Amino acid sequence: MDAVEKGGGDEPVRVQVPGQASAQLISASGGEAADGKGQWSWALFEWARNPYVILITIYIFSPYFSSTVVGDPVRGQAIWGNINGIAGFFIACLGPVLGAIADTGGKRKPWIVFFIAIMVPAIYALWWAMPGEAGLSILAIAALIVLIAVAFEFSAVFHNSMLPAVAPHERIGFLSGLGLALGNAGALIILCFMLWAFMLPGNVDWGFVPAEPLFGIDASAHENSRISGPIVAVWLLFFSLPLLLWTPDVKGTNVPMRKAISRGIGNVIGTVRKLRHYKNIAIYLAARMFYNDGKTAVLVFGGVYAVGIFGWGPLTLTIYGIVLSVFAVAGGFFGGWLDDTFGSKRAILVSIGGTCVGLILAISITPNELFFFPYDAAAAGPIWDLPFFATLPELMYLIVVIIVAICITAAYANSRTMLARIAPVTKMSEFFGIYALSGTATAFLGPLLVGVVTLMFQSQRIGFASILILLGLGLAGMLFVKEERAEAVD
């Protein structure tokens, strides 16, 4: 049942009672909004997709691939960087085209189904990524990762473009935040399950942990790492169904695809050209482009670097992922506090500056060095009997990277708020479109930089440290940004 309130005139405006459907609820795009089930199903798609990022690209599969499948941590980090660089190049080139189709081409669900159909079997196939190319070759794995990464980003284009048609105006922010929260929660649940079911068994004698890995998983054959592929694939397939079944699609148009692409790209070019009238915003978007690439690279290579330097196994990596995921949530609150207390520009300077300091501290720690000072690990011995983070350098690295995770999450939050503070009110949607475009325009830069520098110097440490170049450029650019709202120019 809907409550009825008086609008600005004599016409009653229907307001949805939470959890109930309303046939006359107006969406943010002006059409009929989805009911409560349709809205939640839209948000649940993030729950379906996000575990791929956490398990495959950051914490479980990527370190396993670089250190074990490739067999050489330095070469592995270089290859992983090149793989992500190639994927980022395709995303940067094709993203505006797909965005144009999403904006003007009508129905979104068929595209989402198409990309899911690519991702699910490709992610599942990572089960056959074995050392010594006993299963898939390194080239085949690289091709799969590129394919998955591109399909993943493009599925987000069409999923995001559904939001204004699904949510009422007053719930669009809530629904967007709900999707992000569900995505992180889903990944955290899978990490905790993998820790209990596959990583801890056989390593600890705790009553609540199975004596052996479940489902006959053989840790000696690296199946506890390889299983991340099938788990993510099945999770994605199953939890995508609510979106496909219960979230209404936008109505199709009669615009031919070629015309939709041409019109959409023309709009993008026209909007970008207008940036010459908005110098302050243009400087901000350029600065964000660099530091955003740097932040992403830190996330992608943090686990890869740690495996090569400390020799961490799947158990330690899984706990590492759980701990950082929890503290990343705290980073959102920290970013909000920074923003409200000091303003968006200063908040970004603090969060990106903190990321730079954290990255320097991270590369200053090795098994035999602590903040660049020699450390006698053999004489010091383990700090406890637990089979993870057993030495002081490992524990200090974890603490440093927790700080980095908090700063990175804060920077993501502060960046959106900064644009909202400086963009013209009447052109807010237009500038957030450029904001999204700038986030992918150089997506290849960070991974490619790490890959090339790692290979050039034959050093994981120097390769990981090269991210400071991107963070530094972004930080320097922010010094020239003024936190003042621009006037709209027609």
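Which residues in α10 meet which residues in α12? The close-ups below come from a predicted model, in which local features need pLDDT of at least 70, side-chain atom pairs count only at pLDDT 80 or more, and totals for chains, interfaces and linings use all residues. Residues are numbered from 1 along each chain as its sequence is written, and side-chain values use heavy atoms, with hydrogens and water left out.

**View 1. Contact of helices α10 and α12.** Y284, Y291, K295, V298 and Y305 in α10 meet I348, I352, L359, A362 and I363 in α12 (contact: heavy atoms within 4.5 Å). These residues divide into nine nonpolar, no polar and one charged (Ala, Val, Leu, Ile, Met, Phe, Trp, Tyr, Cys and Pro count as nonpolar; Asp, Glu, Lys and Arg as charged; the others, Gly among them, as polar).

**View 2. Helix α12, residues 344-363.** Helices are DSSP runs of H or I with at least four residues, numbered from the N terminus. The 20 residues of α12 should span 28 Å at 1.5 Å a residue (1.5 Å times one less than the number of residues), and the end C-alpha atoms are 29 Å apart, which agrees. Helix α12 is largely enclosed by the rest of the structure, because 14 of its 20 residues are buried (under 20% relative accessible area; exposed is over 50%, partly exposed in between; 1.4 Å probe, protein chains only).

**View 3. Cysteines C407 and C192.** C407 is buried, with a relative accessible area of 8%. C192 counts as partly exposed because its relative accessibility is 37%. The structure holds zero disulfides (pairs of cysteine sulfur atoms within 2.5 Å).

Note on methods
Helices (H or I, at least four residues) and strands (E, at least two) are DSSP runs, numbered from the N terminus.
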